[in-house]
Amino acid sequence: MATLRAKAPPLVYTAQHFLKDSVWFLSKFAMETHSGGTESSYKDASDSAAKKNFADGIVPQILRLYGSTATSRDFEIYAPHASFEDPLMCARGVKQIKSAFYTLPKLFSESKIVEYTVEENMASSGKGEILIDNKQYYKFLGKDIDMVSLIKLQIEEGKVVRHEDWWDKKPISNRETTKLPLLGRIAEMTRRGSMLATHVLMRFGKDPTE
């Protein structure tokens with residue numbers, strides 16, 4: 001609404017400017033529609049919403065996995081060939097990933113992500129990466145354990161295909177990240193051995209009774 005001027009009759013002035021503003025708005029709207037501006041703005045907004053929805057559909061499940069409250073449905077965020085890796089284990093396939101997370105309540109009386117922020121680098125096709133900068137809390141044999149972590153989720157077609165948990169935000173030790181490839185190879189083999197032993201103990205990823 002235009003500002004009223006003291007020297008002009010308020011009612012006449014307001015009506016004139018309302019009509020002028022209406023014509024200007026309709027003309028601008030017609031030009032934007034014709035040039036595709038409105039359609040482009042709508043598409044950008046839709047894309048932004050789609051990007052946000054990828055994290056909205058994945059992060060809650062990740063929180064339940066780390067919080068020892070996961071059910072079989074929470075693992076539906078993973079593609080069948082997905083992998084999970086942290087400094088202790090290297091899981092391949094959803095069954096092994098289940099074993100890795102189902103073991104948490106067996107080891108810790110309490111576990112959870114207490115703080116986190118999410119960064120998305122996603123395309124509308126469902127391919128990209130989601131980064132979860134977080135703080136984790138565990139209680140082990142009565143002792144409190146706090147840990148800073150960076151969870152890296154590689155996404156393809158809306159599903160997690162690779163899940164890495166970088167403790168202290170440091171890359172996981174392997175042949176590519178260590179100065180001595182042999183030590184990196186040993187670290188890889190140790191994580192695989194730890195995972196396979198855990199997989200057996202957890203009955204090959206068998207879902208608990210829900």
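Colleague: What makes you say that the charged end of Lys-152 sits over the ring of Trp-166?

Modeller: In this predicted model, the charged end of Lys-152 is 4.8 Å from the centre of the Trp-166 ring. The distance cut-off is within 6 Å, with a limit of within 35 degrees of the ring normal as well, and this contact is counted as a charge over a ring.

Colleague: Thanks! Turning to ring pairs, how many aromatic pairs are there?

Modeller: The structure has six of them.

Colleague: Why is the pair of Phe-84 and Phe-101 called tilted?

Modeller: Their planes stand at 55 degrees. Stacked needs under 30 degrees and edge-to-face over 60, so this pair is tilted. Their centres are 4.9 Å apart, and the pairing limit is within 6.5 Å.

Colleague: Which parts of the chain does that pair link?

Modeller: Phe-84 lies in strand S1 and Phe-101 in helix H4, 17 residues apart. Both Phe-84 and Phe-101 are buried. Together with Tyr-66, they form one aromatic cluster.

Colleague: And why is the pair of Phe-108 and Tyr-138 tilted?

Modeller: The planes of Phe-108 and Tyr-138 are at 45 degrees, so the pair is tilted, with ring centres 4.8 Å apart. Phe-108 is in the loop between helix H5 and strand S3, while Tyr-138 belongs to strand S4, 30 residues apart. Phe-108 and Tyr-138 are both buried.

Colleague: How do you know that S3 and S4 pair?

Modeller: Pairing takes at least two bridges, and S3 and S4 have twelve, in the antiparallel sense. The two strands form a hairpin with five residues between them, and Gly-126 in the turn has a positive phi of about 90 degrees.

Methods
Residues are numbered from 1 along each chain as its sequence is written. This is a predicted model: local features need pLDDT of at least 70, side-chain atom pairs count only at pLDDT 80 or more; totals for chains, interfaces and linings use all residues. Side-chain values use heavy atoms; hydrogens and water are left out. Helices (H or I, at least four residues) and strands (E, at least two) are DSSP runs, numbered from the N terminus. Buried means under 20% relative accessible area, exposed over 50%, partly exposed in between (1.4 Å probe, protein chains only).
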